[in-house]
Structures are given as structure tokens and as C-alpha cells.
Amino acid sequence: MAALIGVTGPSSRLPLAWWATRLALHLAGGRGRHLTPANMHRHKREQLQGLIIGGGDDIDAALYGHDTGRAPADPERDAFEIELIEHALDTSLPLLGICRGAQLINVVLGGSLHADIRPQRLHTSNRRTPLPRKTAIGCGNGRLNRIMQQPRWRINSLHHQAVDRLGSGLAVVARDLDGFVQAIESTTDHYLLGVQWHPEYLPYLSCQRRLFRHLVHAAEQSWPEALYD
């Protein structure tokens with residue numbers, strides 16, 4: 001049976017990202033399980049072999065020591081996903097963070113974020129689009145380099161927060177033309193990768209499909225793990 005991979009998201013809204021991610025996992029030979037704060041109680045005994053922390057609202061800035069004066073967008077989801085990331089770190093469950101997910105992995109590991117990079121952009125647009133209008137440049141080493149198989153690739157952009165101070169045990173493996181972090185990964189053998197863009201909306205690009213194929217392959221090698229005892 002195909003490896004089962006949990007995919008997190010918010011409890012509300014039309015789950016477009018979940019549908020796109022489920023299709024990407026299917027095309028890669030895996031199966032997705034949609035996990036939200038509201039439905040997690042129905043799935044907590046399921047045996048997962050991988051985890052995707054999906055994109056969405058801004059992370060509460062207080063979690064990385066900033067005070068923006070604004071109420072957190074989704075504190076219930078923040079707490080829910082932090083618990084899952086900590087579980088994946090403890091059990092070495094293969095882990096992919098997408099946009100907000102990559103940022104939250106960095107925060108859980110002690111890093112910080114730029115709360116709003118829009119005023120700092122010099123060479124790239126602040127336009128938010130699911131289309132691949134921007135460029136990521138790989139750092140030439142690590143797991144992501146082996147997956148992408150090319151020095152630069154096209155990406156989309158739906159964010160205004162970004163990784164600032166790097167968390168413990170992480171390495172930067174791609175940046176954009178403004179130098180903002182576009183991808184991070186673990187410096188250990190743990191399959192942990194975070195990308196700032198949304199590969200689930202780019203299934204027509206072979207290098208983006210490989211991100212899901214490699215995650216599914218890592219999941220197939222992973223021991224099935226219930227998220228809660």
C-alpha cells in the first residue's frame with residue numbers, strides 16, 4: 001500500500017492547498033491525509049509515514065520574539081502544528097514544510113522570521129501569485145540540490161514573512177534574487193526540508209514534482225508512526 005502522509009491545514013476555508021497537495025502526492029505514488037485542528041481527533045491513531053506542514057496564515061510573531069501589536073491569525077493552528085513538528089523531530093518522521101510550514105519548522109528549532117519582507121525587496125516583485133514568476137538559486141549542496149538537479153529554478157510566491165535567523169540544525173539551501181531564504185533543510189540524516197514557495201501549485205514543472213516524489217520515497221523507508229499514543 002502507498003505510504004500515508006499527513007498534510008496539515010486550517011480548520012476553515014476552502015481547502016485548495018490540500019486538494020493540490022493530495023494530487024501531488026498521488027502523482028508521486030503516495031497518499032495524503034488532511035489534518036486540521038478540528039479533525040485531528042479522528043486521525044490521531046493512524047499510522048503515518050511522513051508529514052507535510054502546509055501553507056496559510058502568518059505565524060504568531062510572539063513565537064519568535066517579535067511584537068507586531070496584532071493578534072495571532074490562527075493560534076489554534078500554531079499550537080497544533082508545533083506539536084506535530086516536535087513529534088516529527090522526536091521520531092525522525094520525514095517532514096516537508098511548505099511556506100508557513102517551513103517558517104514554523106524554523107521557529108520550532110529556535111530560529112526567527114522577517115515579519116514582513118515587502119519593504120526590503122530590491123530586485124523582485126511583491127506581487128503574490130501561484131504562477132512561477134520568481135527564481136530560486138540553489139546553494140549547490142545538500143538534499144535539495146540532489147532533488148532539483150539544476151542550479152536555479154522557477155518558483156511562485158504567496159508570502160511576506162521569511163526565515164531570518166536560522167534554527168538549530170538547519171542549513172539554508174536556496175535563496176531568491178533578493179537573498180531571502182527560499183529553502184532550508186536538516187544538517188542531519190533526518191529527512192527535513194522546508195520550501196518557501198508552493199510546489200503543490202506547480203505540478204507541471206518536473207523539478208517541483210520531484211519534491212513530492214522524494215518525500216514519498218523517504219516515507220516508504222520510514223516506520224509507520226501514530227502521531228499520538
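**Figure 1. Lining of the second largest pocket, by residue class.** The lining of the second largest pocket in this predicted model comprises eight nonpolar, four polar and four charged residues. In this classification, Ala, Val, Leu, Ile, Met, Phe, Trp, Tyr, Cys and Pro are nonpolar, Asp, Glu, Lys and Arg are charged, and the others, Gly among them, are polar. Of its 16 lining residues, Ile59, Ala61, Thr68, Arg70 and Ala71 are the closest to its centre. A pocket is found on a 1 Å grid over the protein atoms alone, as an open set of points where a 1.4 Å probe fits, with protein on both sides within 12 Å along at least five of seven lines; lining residues have an atom within 4 Å of a point. Grid points are joined across faces, edges and corners, and the volume is the space filled by probe spheres set on the points.

**Figure 2. The largest pocket.** This pocket has a volume of about 590 Å³. Its lining consists of 33 residues, and Arg13, Ala17, Gly55, Gly56 and Asp57 lie nearest its centre. Strand E1 (4-8), helix H1 (16-27) and helix H4 are the elements that give two or more residues to this lining. The largest share, four residues, comes from H1. By class, the lining holds 11 nonpolar, 15 polar and seven charged residues. Helices (H or I, at least four residues) and strands (E, at least two) are DSSP runs, numbered from the N terminus.

**Figure 3. The salt bridge between Glu46 and Arg33.** Side chains of opposite charge can pair when their charged atoms come close. A salt bridge is counted where a side-chain nitrogen of Lys or Arg is within 4 Å of a carboxyl oxygen of Asp or Glu, and the structure holds seven of them. In the pair shown, the closest N and O atoms of Glu46 and Arg33 are 2.9 Å apart. Glu46 belongs to the loop between helix H2 (40-43) and strand E3 (47-48) and Arg33 to strand E2 (residues 31-35), so the contact ties together parts that are 13 residues apart in sequence. Glu46 is partly exposed at 21% relative accessibility, and Arg33 is partly exposed at 24%. Buried means under 20% relative accessible area, exposed over 50%, and partly exposed in between (1.4 Å probe, protein chains only).

**Figure 4. A network of salt bridges.** Arg77, Asp78, Glu81 and Arg100 are linked in this network. Within it, Glu81 and Arg100 meet at 3.0 Å, N to O. Glu81 lies in helix H3 (residues 75-91) and Arg100 in helix H4 (residues 100-108), so this pair ties together parts that are 19 residues apart in sequence. Glu81 is buried, with a relative accessible area of 0%, and Arg100 is buried at 1%.

**Figure 5. Strand E10 and the residues around Asp176.** Arg121 forms a salt bridge with Asp176, with 3.2 Å between the closest N and O atoms. Arg121 lies in the loop between strand E6 (113-114) and strand E7 (129-138), and Asp176 in strand E10 (residues 170-176), 55 residues apart. Both residues, Arg121 and Asp176, are buried. Asp176 also stands opposite Ala136. Strands E7 and E10 run antiparallel and are joined by three bridges; two strands pair if DSSP finds at least two bridges between them.

**Notes to all figures.** Residues are numbered from 1 along each chain as its sequence is written, and side-chain values use heavy atoms, with hydrogens and water left out. In this predicted model, local features need pLDDT of at least 70 and side-chain atom pairs count only at pLDDT 80 or more, whereas totals for chains, interfaces and linings use all residues.
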